[in-house]
Amino acid sequence: MRQVTGLIALIVLVAFLVWGVLPPTMRDFGYPPSDMDDYIIENAQEQTGNNNVVASVVFDYRGFDTLGEATILFTAVTGVLLLLRASKRRKESS
Amino acid sequence: MASLIAQSPILIIAIPLAAAFLIPLIGMVSQKARNALVVVSLVFVAFLVFALARDISINGIHIYTLGATSPDLTIPTGFMVPVRIILEVDGMSVFFSIIWSIVSLAAAIYSLSHIASETGQTRFYTLLMLMVMGGFGLMYTGDLFNLFVFLEIASISGAALIAYRTKFADTQEGGFKYIVVSAIASLMVLFAIGLLYAQYNSLNIAYLAQVIQYTTLDKIALALFLIAFAMKTGMVPLHLWFPDAYSVAPASITGMLVITSHACMYAAFRICFTLYGGVINAPVVGWIIIAFGLLTMFVGVTMAVYQKDVMRFMSYHAISQLGYMWIGVGVGLAVLGNPQLLATFGRDAMSGGIFHILNHAMYKPLLFFTGGALFHYTGTRDLTKMGGLAHKMKWTTILYMIGTLSISGIPPLNGFSSKILIYESVYQFHPILTITGIIVSILTLASFTKAFHSAFMGAELPEYKRGKEVPRSMIIGMLILAAGIIFVTLFPSLVVDWAIHPAADALIDQSAYINAVTGAIP
Amino acid sequence: MEHIPLNFPFLAAALLVGISFYIIIFKKNLIKLIMGIAMMASGVNLFLVALGYRAGGNAPIYTDVPEGPMVLPVPQALTLTSIVINVAVLALMLTIVIRIYRHTGSLDSEKSRKLKG
Amino acid sequence: MLSKIVRTVANQLILFILIFGLYVIAHGQITPGGGFQGGAVIVSGVVMLLVAFSSKELKKSLRERVLSIMESTGALIFIILAFVGIGTAFFYNLLVGTPIFGHIPPIGPNPGDIWTGGVVPLMNLAVGIKVVAGLSAVVLALALFSSGEEVEE
């Protein structure tokens with residue numbers, strides 16, 4: 001039962017994804033609309049002083065995302081060290 | 001003061017974050033200082049949230065553009081499209097953040113003694129603050145990718161906190177299920193964001209709402225968004241992980257996880273009403289949400305009746321209660337395109353659903369906290385092994401009764417006022433919804449009475465004769481939530497006028513959200 | 001690089017996501033499940049970075065760049081963020097699996113399911 | 001612990017990896033790279049040491065407490081750099097135009113100037129510290145735990 005529902009869900013999902021990315025529904029690869037990105041490419045050097053436009057996006061235009069990203073790394077590290085901490089039971093056994 | 005309010009959206013996110021980064025350093029020096037930092041920063045954040053809420057009720061939507069030459073400058077001079085990340089706080093966001101600030105404060109105070117005997121407390125509080133920050137970010141952001149980032153922060157810290165008590169095997173499994181579900185859900189959200197970005201080359205919710213055309217890709221993206229958020233909120237049939245994860249976490253974290261699922265619900269509303277509000281085929285999506293909401297309500301409560309584990313029992317009730325909110329807001333969505341029906345009952349149904357979120361966010365964490373208190377006292381979660389606890393745990397008994405009466409919708413408690421609002425309004429949409437709601441309510445009352453009887457009533461069991469009431473900070477944590485319940489009970493109309501209607505109107509009024517960002521076009 | 005027919009990069013990303021769904025739904029081993037999620041993340045990242053490609057574009061870095069259009073920088077930034085996020089998620093998942101293995105001695109998701117609803 | 005040849009080579013190689021990682025971090029504003037990438041490069045060196053020596057051996061020189069402090073410090077530097085702009089707006093890049101990393105490069109293709117980017121190079125450095133400390137801590141903790149060692153509180 002679980003197998004059958006799983007299979008149906010899988011087929012539906014993959015069909016939708018593939019249908020979604022093929023030409024009539026999706027735009028052509030390599031020809032993106034680019035209003036926002038063109039603005040960034042043109043102004044990044046002047047506004048942030050960066051030659052590396054990606055770095056200016058990562059740390060300036062979308063710096064808050066990067067703060068979130070650094071936070072996630074911090075969260076995961078804290079989580080890993082929290083979960084691998086010596087529990088009391090292990091101290092007794094060792 | 002004025003500049004503090006102008007900066008408050010970012011401060012509400014950044015203060016818990018800075019506190020989280022500081023806690024590992026301070027925790028090495030002094031545990032008391034660390035606990036004080038946690039409580040003080042949460043109190044300050046709660047103060048800021050209330051100040052911001054007051055400001056929004058007067059001045060309307062609050063905008064904060066990160067990194068711009070002025071926080072109000074949403075669109076760069078001489079350009080038409082927002083480039084930077086924008087925080088956008090309207091009635092709905094601030095409503096959720098009020099709930100989040102109260103519950104997280106209560107949970108932090110409750111934790112002070114609930115986990116006092118465990119190791120690794122410094123990291124526990126770090127993760128708690130990160131989770132608080134993730135929740136606020138999720139509610140305040142006006143940018144889709146930013147929403148994904150905060151969703152991940154909230155879910156990763158949540159998973160690590162669920163697995164906090166590493167000496168039990170079930171906590172690890174609960175944490176694993178939670179993180180797997182979250183990872184899949186957030187990747188689906190990311191894919192959907194990619195689909196939108198591919199067509200409109202923007203990530204800003206308000207701008208996207210202005211230009212969206214409801215093409216086939218948009219429909220696929222909407223489906224992905226809804227499946228992902230339904231998965232995160234534990235909507236039937238994607239609920240199987242929900243009790244496993246919620247029942248094993250420390251009780252304070254379970255209380256916060258309830259609000260995280262509300263935050264995901266908020267994200268789903270934001271997507272349906274604000275992002276797709278102008279173009280969505282509202283009746284179809286509305287009916288889908290209502291149908292699954294009904295299923296959620298019914299399956300949740302029927303599963304709950306059999307549970308012997310007190311936390312699992314409450315988790316299934318949490319699933320069932322989420323159904324009420326989906327139905328209330330779903331009815332509002334179904335009549336979104338019809339102003340007349342919306343005025344007669346749609347707005348009331350949405351208000352009912354949102355009011356129920358507020359009430360649920362008060363009584364469900366309270367019930368989980370009392371469950372945690374029972375676990376703290378007895379060392380077991382099995383209801384059949386408990387009994388006669390009312391003799392020793394007077395505070396817990398009273399608080400549990402408040403929660404029970406509230407969740408079952410007994411007048412005059414707050415659960416009643418929101419349920420009656422839902423019943424009256426959805427009856428005009430379709431009577432079957434009201435009838436199911438009442439049946440579910442009765443089943444809820446029955447099962448909670450049974451649990452009350454088996455845990456608190458009867459003769460005092462010999463193994464629980466010794467021992468005292470739970471420590472004071474746990475009671476304070478519970479009392480904060482009980483005070484919230486009593487406040488809403490005493491002044492329901494005040495709360496509806498000041499918090500619920502602005503939130504519902506913020507969802508309905510899509511153009512205000514869009515204009516706040518793009519209105520600056522020269 | 002001229003016009004690429006049938007959006008092959010997008011198709012590859014969609015198929016990667018599809019395969020990963022197959023793994024997540026049908027495989028019982030927890031490590032395989034994690035690999036499925038890692039693969040799904042790769043698929044989504046591939047999709048994101050492919051969105052930013054502009055035909056014949058250079059990398060968006062002005063240091064000694066040849067003449068011509070530049071590819072879009074924002075999808076690259078998003079992909080960077082998303083990669084780091086997925087690393088974090090995977091690290092935490094693996095940690096929990098190690099803990100589960102310590103407790104139950106098994107990596108089979110059917111066997112380790114002690115909790116019954 | 002692997003053979004002596006491997007250990008000797010690893011000992012020499014770690015310096016080059018360190019230098020390359022620092023180079024990638026420091027030139028994030030003008031060439032591909034940055035804090036995350038350079039940090040990952042350095043952590044790959046840590047992983048190499050972990051393979052060449054045992055985790056017990058490595059634990060003597062890389063204390064988890066130190067890594068924890070480093071990580072918090074990196075994160076704090078990052079958020080403080082974001083906070084200094086709050087007079088204008090959070091994350092405002094207020095170093096552009098000042099002598100510290102404030103040069104504005106000629107618009108269009110140019111050979112690159114390292115004193116550009118405003119707060120970006122500093123943020124790269126903060127993120128670099130954070131990534132090195134964080135990922136090393138994760139790798140080390142996993143290795144220690146697998147070999148049955150205690151992980152520090």
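Visitor: How many residues does the contact take from chain A and from chain D?
Guide: Welcome! Keep in mind that this is a predicted model. Residues count as in contact when their heavy atoms lie within 4.5 Å. For this pair of chains, the contact takes 28 residues from chain A and, from chain D, 46 residues.

Visitor: What area do chain A and chain D bury between them?
Guide: The size of an interface is often given as the accessible area lost when the parts come together. Here, 65% of the buried area is on carbon and sulfur atoms. In chain A, the residues that lose the most area to chain D are A:N51, A:F59 and A:L84, together 22% of what that side buries. The total for chain A and chain D is about 3,000 Å².

Visitor: Which helix gives the most to the side of chain A that touches chain D?
Guide: Across this interface the rule finds eight residue pairs in polar contact. On the side of chain A, α2, α3, α4 and α5 (88-93) each supply at least two residues. With eleven residues, the helix that gives the most is α4(A).

Visitor: Now to chain C. Which residue forms a salt bridge with A:D38?
Guide: Between chain A and chain C the count is one salt bridge. A salt bridge needs a side-chain nitrogen of Lys or Arg within 4 Å of a carboxyl oxygen of Asp or Glu. In this pair the closest N and O atoms are 3.2 Å apart, and the partner of A:D38 is C:R54.

Visitor: And what area do chain A and chain C bury between them?
Guide: Here 45 residues of chain A are in contact with 47 residues of chain C. On carbon and sulfur atoms lies 71% of the buried area, and the total is about 4,300 Å².

Visitor: Why is α5(D) described as largely enclosed by the rest of the structure?
Guide: Helix α5 of chain D runs over residues 120-146 and reaches 38 Å from its first C-alpha to its last, close to the expected 39 Å. A residue is called buried when its relative accessible area is under 20%. The helix is largely enclosed because, of its 27 residues, the number buried is 21.

Visitor: Is B:G337 buried or exposed?
Guide: B:G337 sits in the loop between α12 (310-334) and α13 (339-378) of chain B. Exposed means over 50% relative accessible area. The value for B:G337 is 70%, so this residue is exposed.

Technical notes: Residues are numbered from 1 along each chain as its sequence is written. Chains are lettered from A and ligands numbered from 1 in the order in which they are written. This is a predicted model: local features need pLDDT of at least 70, side-chain atom pairs count only at pLDDT 80 or more; totals for chains, interfaces and linings use all residues. Side-chain values use heavy atoms; hydrogens and water are left out. Helices (H or I, at least four residues) and strands (E, at least two) are DSSP runs, numbered from the N terminus. The expected span of a helix is 1.5 Å times one less than its number of residues. Buried means under 20% relative accessible area, exposed over 50%, partly exposed in between (1.4 Å probe, protein chains only). Buried area is the accessible area (1.4 Å probe) that two parts lose on being put together, summed over both. A polar contact is a pair of N or O atoms within 3.5 Å; within protein, one must be able to donate a hydrogen and the other to accept it, and residues adjacent in sequence count only if both atoms are side-chain atoms.
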